[in-house]
Amino acid sequence: MALPLIRLLPHRFNTIRAFVNAKVKWVRDPYLDYAVEREKDLKQVISFKNQIISNPSKSLPLSAASLLKPHLNLPTTSTKFFQKYPSFFSIFQPSPGLPPHVKLTPQTLLLHKKESTIHTSMSNKYNATERLAKLLMLAGVTKLPMHLINRLKWDLGLPHNIVGTLLADFPDYFEACEVGDAVTGKVEIALGLVCWRKELAFSQLERRPIMGCAPNAKLSKHIGFPMNFPKGFDLEKRVKDWVEEWQALPYISPYENATHLSPNSDQAEKWMLAMLHEVLWLMISKKTERENLFVLGEYLGFERSRLKKAVVHHPGIFYVSNKIRTQTVVLREAYRKDFLIEKHPLMGMRYRYVHLMNKMQRRDEATLVSPSGG
């Protein structure tokens, strides 16, 4: 049987239209920078935690942990990393003559138990299932390679073992399948939708106007993006005028097929922004590394150059932070200063992990302080 190919929509590979001929400057936002920076090392810490928990002995030889350094992009050796967070990890020798191991502290094990309770709750499973299904429905693709889903797994708040949980618990939603890369022809394992979920095919921006409305209420297509600018930021008048006209254009859902649009049009750009906005909204932290957005966007058929310009040219919608050795795209409207307005239960747990990581910090290390005094 012929394998489905990655959809390459021809209109999205043409040259983009010229943005208003004006440079949009980058202005640092200390609150959103802090929202990114306070999670420094968190992803690596949780990855090590999961590796340790998965071992029958609930510990890991330091020699084995060191092999994970390149995969976790550690800035130092694994041993020094564990020593940096003594409230989280404990290095010990199982018995004389055996190599040193690392295990979790009792406080970490307690938080892990609470986190596991959230992951196994049906409310969280349904929430994760719907968000993953919506990701698969973007641009009508309905399937994504597993390597791409694994890349976004942390930001989506998905369980460590997707196949053994969501795929097994929701066989009416997901199925394992294969896709063939349209360029290389390489076959890849993928996750696909069993069927289109019409009730989920509404973006967050579309849902807001109809919340509280009567059933079958007509959905307005003139939806603008919420915009927030940092203190000291000011758009040139001609750029501001263009943005106002652009905001007034009809809104096309990221779950609709927009192949009929001219690639050089403002309307096509607004549809692409709707896609990026929805992707970030599906993330539990409302942010992700810029490279994640670009890799997903390219798979959906957008040119990387278009994605880069879209993020840079709309600083009222997105903020790009350069903290923690990477570039992170943050959805501005989801934050009030450095606080998430709607906090997912798993984000609450992550903040508790961060608190534990910093609780017994070495005296020679400065504590990160929020600009808002938190």
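Some ground rules. This is a predicted model, where local features need pLDDT of at least 70, side-chain atom pairs count only at pLDDT 80 or more, and totals for chains, interfaces and linings use all residues. Residues are numbered from 1 along each chain as its sequence is written, and side-chain values use heavy atoms, with hydrogens and water left out.

Now the overview. The protein chain has 15 helices and 11 strands. Those are DSSP runs, numbered from the N terminus: helices are H or I with at least four residues, strands are E with at least two. Of the 374 residues in the protein chain, 50% are buried. Buried means under 20% relative accessible area, exposed means over 50%, and partly exposed is in between (1.4 Å probe, protein chains only). Next, contacts, meaning heavy atoms within 4.5 Å. Take the contacts in the protein chain with a separation of 6 or more: residues 24 or more positions apart account for 69% of them.

On to helix pairs. Two packed helices are described by the angle between their axes and the distance between the axes. Axes are lines fitted to C-alpha atoms, for helices over the stretch in contact, and angles run from 0 to 180 degrees between N-to-C directions.

Look at α2, residues 42–54, and α6, residues 106–120. They pack at an angle of about 90°, and their axes are 12 Å apart. α2 and α6 are therefore roughly perpendicular. The scale is this: under 35 degrees is roughly parallel, over 145 roughly antiparallel, 65 to 115 roughly perpendicular, and the rest oblique. Which residues meet? From α2 come Lys49, Asn50 and Ile53; from α6 come Thr108, Leu109, His112 and Glu115. By class, the contact of α2 with α6 has two nonpolar, three polar and two charged residues. For the classes, Ala, Val, Leu, Ile, Met, Phe, Trp, Tyr, Cys and Pro count as nonpolar, Asp, Glu, Lys and Arg as charged, and the others, Gly among them, as polar.

Ala268, Glu269, Met272, Leu273 and Leu276 of α12 meet Arg306, Leu307, Ala310 and Val311 of α14. The contact of α12 with α14 has seven nonpolar, no polar and two charged residues.

Stay on α12 for Leu282. Leu282 is buried, at a relative accessible area of 3%. Not counting residues up to four places away in sequence, Leu282 touches Arg131, Lys134, Leu135, Leu156 and Tyr255. Leu282 and Asp155 are 127 residues apart in sequence, yet 8.6 Å apart in space, C-alpha to C-alpha.

Asp155 takes us to α8, where Asp155 is one of the buried residues. Why is α8 called largely enclosed by the rest of the structure? Because eight of the 11 residues of α8 are buried. Among them are Met146, Leu148 and Trp154. Just after α8, Gly157 takes a positive phi of about 70°.

The buried residues of α15 include Leu346, Arg350, Tyr353 and Met357. α15 has 15 residues and reaches 21 Å from its first C-alpha to its last, close to the 21 Å expected at 1.5 Å a residue. The expected span is 1.5 Å times one less than the number of residues.

Last stop: phi. Most residues other than glycine have a negative phi. Asp41 is not a glycine, but has a positive phi of about 70°. Asp41 is in the loop between α1 and α2, and is buried at 4% relative accessible area. Arg325 also has a positive phi, near 60°. Buried or partly exposed? Arg325 is partly exposed, with a relative accessible area of 45%. Find Arg325 in the loop between β8 and β9.

That's my tour. Over to you.
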